[in-house]
Amino acid sequence: MHISVAFQTLVFLWAVLLGMLFGTVYDFLKVIRVVLAGRWSTIVCDALFWLFALISGFVFVLTVAQGDGRAYIAIGILGGMSLYRMTFSPLVYGVGVAILQAVQWFLKRFFVVIGKKTQFFLTILQCQTKKICEKAKKILSFSSKKS
């Protein structure tokens with residue numbers, strides 16, 4: 001079977017892009033792992049990354065490389081990951097951390113407001129319940145005095 005150099009170059013460049021995608025996925029999982037900060041979060045995030053990498057690498061070799069696994073594909077993936085780590089990783093990681101901190105801030109504020117509104121509602125409900133109970137006692141005591 002004859003494989004042209006142009007086809008091999010194209011597969012290599014796609015492998016570099018796949019490696020950059022691997023780096024991006026790794027950074028997003030790293031942000032999640034740092035935010036959750038636990039042993040199990042590290043284990044789960046690493047397992048998810050390797051599951052993603054194995055499945056997508058396998059599918060890449062089957063589809064793009066037409067089932068022809070060559071060393072240049074692995075070199076392209078590793079090169080893409082290295083290129084990503086040297087160029088985009090600090091930016092993506094910083095943006096990811098900033099987004100999660102903003103979400104965390106929003107959720108804190110949201111639950112504080114919800115908590116205050118709930119507390120206010122419960123206070124009103126408690127006052128109304130007391131008034132209803134007092135009226136019910138008066139009515140019951142009045143009706144028991146009549147009989």
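At what angle do the axes of helix 1 and helix 3 cross? In this predicted model, the crossing is at roughly 45 degrees, and the two axes come within 6 Å. Helix 1 covers residues 5–36. Helix 1 passes helix 3 in a right-handed crossing. The contact between these two helices draws on 14 nonpolar residues, 6 polar ones and 3 charged ones.

Next comes the largest pocket. Its volume is about 240 Å³. The lining is made up of 13 residues, and those closest to the centre are F22, W50, A53, A74 and I77. Two elements, helix 2 (39–63) and helix 3, each give two or more residues to this lining. Helix 2 gives the most, with 7 residues. What classes of residue line the largest pocket? There are 12 nonpolar residues and 1 polar residue, with no charged ones.

Helix 3, residues 71–87, has the highest mean pLDDT among the elements, at 96. Helix 4, residues 89–146, has the lowest mean, at 80. Where pLDDT is low, predicted coordinates should not be read in detail.

Definitions and conventions. Residues numbered from 1 in each chain as written. Predicted model: local features only at pLDDT ≥ 70, side-chain atom pairs only at ≥ 80, totals over all residues. Heavy atoms only, no water. pLDDT = per-residue confidence, 0-100. Helix = DSSP H or I, 4+ residues; strand = E, 2+ residues; numbered from the N terminus. 1 Å grid on protein atoms, 1.4 Å probe; cavity = no way out; pocket = protein on both sides within 12 Å on 5 of 7 lines; lining within 4 Å. Points joined across faces, edges and corners; volume = space filled by probe spheres on them. Nonpolar A, V, L, I, M, F, W, Y, C, P; charged D, E, K, R; others polar. Axes fitted to C-alpha atoms, helices over the stretch in contact; angles between N-to-C directions. Left-handed = near helix turned anticlockwise from the far one by under 90°.
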